[in-house]
Amino acid sequence: MVSQTKNNLTNKGTWIRLIYMILFVVIFNVAELVTGFVVVFQFLFKLLTGKANERLQSFGDNLATYFQQVVSFLTYSIEDMPYPFGVWPGEAGASKPRPTAQRPQATTATAVMAKTATAKKSTAKRKPKPASKAAPKAKGEGPAEKGA
């Protein structure tokens, strides 16, 4: 039990994630300020024109999704790091956070930590890997079969 606790306390990945978590708490607070400005501008726009600004509505939706992503990352619900390490909500390839088991491969805290650890390792020479044989084609790839 004591050995397991010692291993947990000395895990560099956990400490690196703490640094990212502190960064995202700061970013979250800045995003709250931005939300306040969006609220004021949207109210003034509605007051002066009689309708809401569509671009501010869209930005507000993306900001709400961003808040969800940050909180999910901070509470260990997801490993995907939000913007600025991931894509901004609403951009191509952006999606709402999903549970870790269902998420596609993306920039994750674990991946960044692994890259950091790899970069720190010594630059020992490695043997070149032998050329691998091409994987067999899956059914339906390549030329059409007769009678199909």
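Glu-79 lies in the loop between helix H3, residues 54–74, and helix H4, residues 109–120, where helices (H or I, at least four residues) and strands (E, at least two) are DSSP runs, numbered from the N terminus. This is a predicted model, in which local features need pLDDT of at least 70 and side-chain atom pairs count only at pLDDT 80 or more, while totals for chains, interfaces and linings use all residues. Residues are numbered from 1 along each chain as its sequence is written, and side-chain values use heavy atoms, with hydrogens and water left out.

Is Glu-79 buried or exposed? Glu-79 has a relative accessible area of 16% and is therefore buried, given that buried means under 20% relative accessible area, exposed over 50%, and partly exposed in between, with a 1.4 Å probe and protein chains only. The side chain of Glu-79 makes a polar contact of 3.0 Å with the side chain of Arg-17; a polar contact is a pair of N or O atoms within 3.5 Å, where within protein one must be able to donate a hydrogen and the other to accept it, and residues adjacent in sequence count only if both atoms are side-chain atoms.

Side chains of opposite charge can pair when their charged atoms come close. The structure holds one salt bridge, a term for a side-chain nitrogen of Lys or Arg within 4 Å of a carboxyl oxygen of Asp or Glu. In this salt bridge the side chains of Arg-17 and Glu-79 meet at 3.0 Å, N to O. Because Arg-17 lies in helix H2 and Glu-79 in the loop between H3 and H4, the pair ties together parts that are 62 residues apart in sequence. Arg-17 is buried, as is Glu-79.

Arg-17 also has aromatic rings to consider. Its charged end sits over the ring of Tyr-76, 4.0 Å from the centre, and Arg-17 lies over the face of Phe-73 as well, at 4.1 Å from the ring centre; a charge sits over a ring if NZ of Lys or CZ of Arg is within 6 Å of the ring centre and within 35 degrees of the ring normal. Tyr-76 is found in the loop between H3 and H4, and its relative accessibility of 46% makes it partly exposed. The backbone of Tyr-76 has a phi near 65°, which is a positive value in a residue other than glycine. Another backbone feature is the cis peptide bond that joins Tyr-83 and Pro-84, with omega about 15°, and Pro-84 lies in the loop between H3 and H4.

A pair of aromatic rings is described by the distance of the centres and the angle of the planes. Rings of Phe, Tyr and Trp (its six-membered ring) pair if their centres lie within 6.5 Å, and planes under 30 degrees apart count as stacked, over 60 as edge-to-face and the rest as tilted. How many aromatic pairs does this rule give? The count comes to seven aromatic pairs. One of them joins Phe-28 and Phe-67, whose ring centres are 4.9 Å apart and whose planes stand at 75°, so the pair is edge-to-face. Phe-28 lies in helix H2 and Phe-67 in helix H3, so this pair ties together parts that are 39 residues apart in sequence. Phe-28 counts as partly exposed at 22% relative accessibility, whereas Phe-67 counts as buried at 17%.

The rings of Phe-59 and Trp-88 have their centres 6.1 Å apart and their planes at 20°, so that pair is stacked. With Phe-59 in helix H3 and Trp-88 in the loop between H3 and H4, the pair ties together parts that are 29 residues apart in sequence. Phe-59 is partly exposed at 29% relative accessibility, while Trp-88 is buried at 16%. Ring pairs also link Tyr-20, Phe-24, Phe-73 and Phe-85 into a cluster.

Helix H3 also holds Gly-60, which counts as partly exposed at 25% relative accessibility. Gly-60 and Thr-35 are 25 residues apart in sequence and 7.4 Å apart in space, C-alpha to C-alpha.

Turning to the whole chain, there are four helices and zero strands, and the pattern read along the sequence is α-α-α-α. Of the 148 residues of the chain, 21% count as buried.
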